[in-house]
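Colleague: Hi! Could you walk me through this protein in plain words?

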Amino acid sequence: MDLRSFIRDIPDFPEPGIVFRDITPLLADAAALDAAVAGLADIARPLKPDVVIAAEARGFVLGAAIARELGAGFVLARKPGKLPHDTTSAEYALEYGRDTLEVHTDAITPGSRVLVHDDLLATGGTAGALCALAEQLGGEVVACAFLIELGFLPGRTSLAPHAVHALIVDDTE
């Protein structure tokens, strides 16, 4: 199945010069959604992750489904002030600004094998923060898995030495 055909490009969103990759058509199609979750789970299965960590909001949609498919736990990474228990945080750079993510301090136990997931890899800022959060809590990042990688941006390089996998590599700016 050509999953790229289910991704809609939105020019100048959220800022001029940015082309947003909208995954909502993929999510709305049962077969495409199933293929995306199965494909990402197939990448991760040999790595035997204990948990999948993903950032709000789009990362939650596929991340939780991947975790279920793998029989793994799921860890929510949210904006500051959104989690009700003790948290740890990591700040990161976006293509168009800075942000912070938090996780509960007991969400990942030392020695846990962690799969980092987000819907899209661009510069690697969000995924890098997820890796940092997992490692702050003693987890071992086994890989980073994405639905889409923007191959013309340095995300893969910025996540080294972590392994990076993507179902779709988009090299068009």
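Colleague: Great, what kind of model is it?

Modeller: It is a predicted model, where local features need pLDDT of at least 70, side-chain atom pairs count only at pLDDT 80 or more, and totals for chains, interfaces and linings use all residues. Residues are numbered from 1 along each chain as its sequence is written, and side-chain values use heavy atoms, with hydrogens and water left out.

Colleague: How many helices and strands does the protein have?

Modeller: There are five helices and nine strands. Helices (H or I, at least four residues) and strands (E, at least two) are DSSP runs, numbered from the N terminus. Their order from that end is β-β-α-α-β-α-β-β-β-β-α-β-α-β.

Colleague: And why does the radius of gyration agree with a compact globule?

Modeller: Because a compact globule of 173 residues would have a value near 16 Å, and the protein has 15 Å. That radius is taken over C-alpha atoms, and the globule rule is 2.2 Å times the number of residues to the power 0.38. The C-alpha atoms fill a box of roughly 40 × 35 × 30 Å along the principal axes.

Colleague: What share of the residues is buried?

Modeller: 45% of the 173 residues count as buried. Buried means under 20% relative accessible area, exposed over 50%, and partly exposed in between (1.4 Å probe, protein chains only).

Colleague: Now the strands. How many residues of β3 are buried?

Modeller: Five of the five in β3 (residues 51-55) are buried. Val51, Ile53 and Ala55 point one way, while Val52 and Ala54 point the other way.

Colleague: Which strand is β3 joined to?

Modeller: Five bridges join β3 to β4 (residues 73-77), and the two run parallel. Two strands pair if DSSP finds at least two bridges between them. Ala54 stands opposite Leu76 in β4.

Colleague: What about β8, how covered is that?

Modeller: Strand β8 (residues 140-150) is mostly covered, with ten of its eleven residues buried. Strand β8 pairs with β7 (residues 113-121) in the parallel sense over eight bridges. There, His117 stands opposite Ala145 in β8.

Colleague: Changing topic: where is Asp29?

Modeller: Asp29 is in the loop between α1 (24-28) and α2 (30-44). Asp29 is partly exposed, with a relative accessible area of 26%.

Colleague: And how far apart are Asp29 and Phe6?

Modeller: They are 23 residues apart in sequence and 8.3 Å apart in space, C-alpha to C-alpha.
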